[in-house]
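Please look over the chain shown below before reading on. The briefing that follows treats sheet, helices, backbone and aromatic rings in turn.

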Amino acid sequence: MWKTLCLFLIGAASVHAARPNVLMICVDDLKPQLGCYGDATAHTPNIDAFAQRGVVFDAAYCNQAVCSPSRNSLMTGLRPDSIGIYDLPTNFRKAVPEAVTVAQYFMAHGYKTEAMGKIMHKGHGNVEDAASWSVPHFVPKAATYVEASSTANAVKDRRGGTRGTPTEIGHAEDDAYADGQVALEAVRRLEAAAKTPEQPFFIAVGFIRPHLPFVAPQKYWDLYDPAKLPMPQVTEAPEYAPDYAPQYGGELRQYAGVPKEGPMGEERTRHLIHGYYAATSYMDAQLGRVIAALDASGQADNTIVLLWGDHGWHLGDHGMWCKHTNYQQATRIPLLISAPGGARGAHSSAFIETVDLYPTLCDLAGLPAPKGLDGVDQAAVVRDPTQAVRDHVLHVYPRSGRLGRAIRTERYRMVEWKEPGESADTAEYELYDYQEDPLETRNRAGELPDVLASLQAILAKYPEAKPQHEEVTPEQAAKRKAELKKRQDAFKKRDKDGDGHLTLEEFLAHQPDPEEAPKRFPVFDRDGDGRLSEEEYVQGGKKSRTTE
């Protein structure tokens with residue numbers, strides 16, 4: 001009897017030890033501007049080497065191109081339009097308090113879960129999710145800048161804080177910045193985990209760069225010749241796009257020395273692109289330290305490694321900067337997965353969304369399939385990159401009370417703009433043909449009715465999007481909705497020439513307080529371009545909840 005029990009316990013321990021570990025690496029604002037994605041300019045040797053160990057997903061997309069909603073999608077497997085959170089301040093547990101994050105799910109199946117750096121979005125009133133981690137989340141103690149000159153002419157931002165320069169060439173070692181400290185902590189955690197190989201781990205490592213400001217030690221700037229950097233090919237918004245669909249870098253324009261309106265100019269554009277590449281190379285070096293530590297631990301062969309960027313970034317294309325849109329440069333993301341039994345050194349053209357990563361990790365780890373998620377399991381694609389599970393992806397972005405819901409197929413992207421809950425008859429549409437127009441220069445929604453109808457039919461299969469979650473009474477919600485409609489109607493009435501903007505003259509017409517009204521115009525004009533977009537007029541100078 002005792003011998004039988006011992007054999008059972010030994011067998012159980014062997015099964016436990018055989019569970020693959022998970023190393024999940026999350027990178028802020030990283031677009032697929034990497035060597036393994038065909039960018040000949042990028043110096044990303046560590047990511048490129050890692051690509052040879054797994055599968056590079058060439059058609060990976062975020063579910064919303066801004067930090068908090070995108071990270072909610074990763075951790076909960078639920079889309080922003082399913083939980084109704086599109087902004088930065090609202091914690092996901094206010095909308096779905098009983099949600100089980102992917103880390104919690106692994107914890108419930110015997111994993112030790114740990115996190116360091118940026119995993120969930122912190123800030124704007126939002127917090128890390130303590131319930132997801134077996135031990136307290138590690139936060140690096142590092143200043144954003146290391147050079148005094150970077151903050152010498154700091155300016156006030158929209159939230160009452162201060163911003164220094166948008167870039168910094170640092171005369172310091174890697175660990176002077178936050179990502180270096182996160183990498184060092186990840187190395188320590190991997191070394192500690194190697195001492196207890198019978199305990200499977202789920203370690204999440206979050207790097208902040210290349211998020212603004214683009215700060216990095218000088219050696220990473222020196223990797224690039226500014227004169228040889230790729231510059232934007234298209235600098236105008238798509239023709240016939242709704243005026244509210246683009247954005248022109250409100251986040252970037254809060255930094256010292258950046259113009260509040262108008263074009264950035266060639267010199268500044270080139271310098272910002274240089275900074276983005278340098279910050280990416282700096283992050284790549286920190287990632288290399290983590291992968292090297294995994295290899296040294298002896299557990300690499302039994303570890304699933306996921307490298308994920310939370311969304312893309314506009315680098316001057318269409319005259320746009322930052323994320324915050326439904327366009328290709330903001331929504332396409334880098335995604336690389338290496339797993340025991342998975343393909344190596346391969347690329348996949350299969351469509352995949354961020355919400356798919358939760359069920360995919362569970363399958364790769366041999367855990368039971370979780371229920372109630374929006375994502376679909378794509379482990380089969382990791383094992384055989386020639387397979388495909390989806391033929392399209394869905395992503396969203398809000399503007400002025402409207403929600404833009406996008407369907408992206410191999411050839412087309414359609415965006416439906418309307419208020420959540422309203423009829424499709426009230427919608428305005430964008431449609432881009434990437435075979436004929438890969439740089440999104442023209443909205444063809446009015447030219448291709450049959451294509452538009454086919455994509456509308458795909459979108460109609462999804463549940464209606466939820467409005468932004470707010471803890472208000474139904475009466476308060478109805479009042480806010482009526483006020484929003486009133487302001488939208490007022491904008492259209494004042495916009496006499498129908499150009500989608502209000503001049504000062506149009507704004508002042510028929511104001512009930514002609515002496516005070518001129519004082520409001522510069523408050524409403526948040527980008528300082530001397531005219532008001534519909535979003536600026538509707539918000540009335542209030543802070544946006546979806547930028548950063």
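Across which strands does helix 9 lie, and at about what angle does it run to strand 1? Helix 9 (residues 266-297) lies across strand 1 (21-27), strand 7 and strand 9, and its direction is at about 175 degrees to strand 1. Here helices (H or I, at least four residues) and strands (E, at least two) are DSSP runs numbered from the N terminus, contact means heavy atoms within 4.5 Å, and axes are lines fitted to C-alpha atoms, for helices over the stretch in contact, with angles running from 0 to 180 degrees between N-to-C directions.

This is a predicted model, in which local features need pLDDT of at least 70 and side-chain atom pairs count only at pLDDT 80 or more, while totals for chains, interfaces and linings use all residues. Residues are numbered from 1 along each chain as its sequence is written, and side-chain values use heavy atoms, with hydrogens and water left out.

- Seven strands form an open sheet of mixed pairing in the order 3-7-1-9-12-2-13, where two strands pair if DSSP finds at least two bridges between them.
- The edges are strand 3 (112-117) and strand 13 (346-353), each of which pairs on one side only, and the twist from one strand to the next averages 15 degrees.
- Strand 2 (residues 55-61) has six of its seven residues buried, so it is largely enclosed by the rest of the structure; buried means under 20% relative accessible area, exposed over 50% and partly exposed in between, with a 1.4 Å probe and protein chains only.
- Strand 2 runs antiparallel to strand 12, to which two bridges join it, and V56 stands opposite L336 in strand 12.
- Strand 2 also pairs with strand 13, in the parallel sense over six bridges, and there A60 stands opposite I352.

**Helices**

- Helix 11 (residues 357-364) lies across strand 1, strand 9, strand 12 (335-338) and strand 13, and runs at about 165 degrees to strand 9.
- Helix 7 (residues 178-193) packs with helix 9 at an angle of about 5 degrees, their axes being 9 Å apart.
- Helix 7 and helix 9 are therefore roughly parallel to each other, given that angles under 35 degrees count as roughly parallel, over 145 as roughly antiparallel, 65 to 115 as roughly perpendicular and the rest as oblique.
- Among the residues that make this contact are A183, L184 and V187 of helix 7 and M283, V290 and L294 of helix 9.

**Backbone**

- Most residues other than glycine have a negative phi, and most peptide bonds are trans.
- The peptide bond from R209 to P210 is cis, with omega near 20 degrees, and P210 has its place in the loop between strand 7 and strand 8.
- The peptide bond from L212 to P213 is likewise cis, with omega near -10 degrees, and P213 is found in the loop between strand 7 and strand 8.
- S400, in the loop between strand 14 (393-399) and strand 15 (402-408), has a positive phi near 50 degrees and is buried, with a relative accessible area of 7%.
- H510, in the loop between helix 15 (504-508) and helix 16 (517-524), has a positive phi near 60 degrees and counts as exposed at 78% relative accessibility.

**Aromatic rings**

- A search of the whole structure finds 17 aromatic pairs, for which rings of Phe, Tyr and Trp (its six-membered ring) must have centres within 6.5 Å, with planes under 30 degrees apart counted as stacked, over 60 as edge-to-face and the rest as tilted.
- F214 and W313 form an edge-to-face pair, 5.4 Å centre to centre with 65 degrees between the planes.
- This pair links distant parts of the chain, 99 residues apart, with F214 in strand 8 (residues 214-217) and W313 in the loop between strand 9 (303-309) and strand 10 (314-315).
- F214 counts as buried at 0% relative accessibility, and W313 also counts as buried at 0%.
- One aromatic cluster is formed by F491, F507, F521, F524 and Y537.
- The charged end of R487 sits over the ring of Y537, 4.7 Å from its centre, where the criterion is NZ of Lys or CZ of Arg within 6 Å of the ring centre and within 35 degrees of the ring normal.
- The charged end of R402 sits over the ring of Y244, 4.1 Å from its centre.
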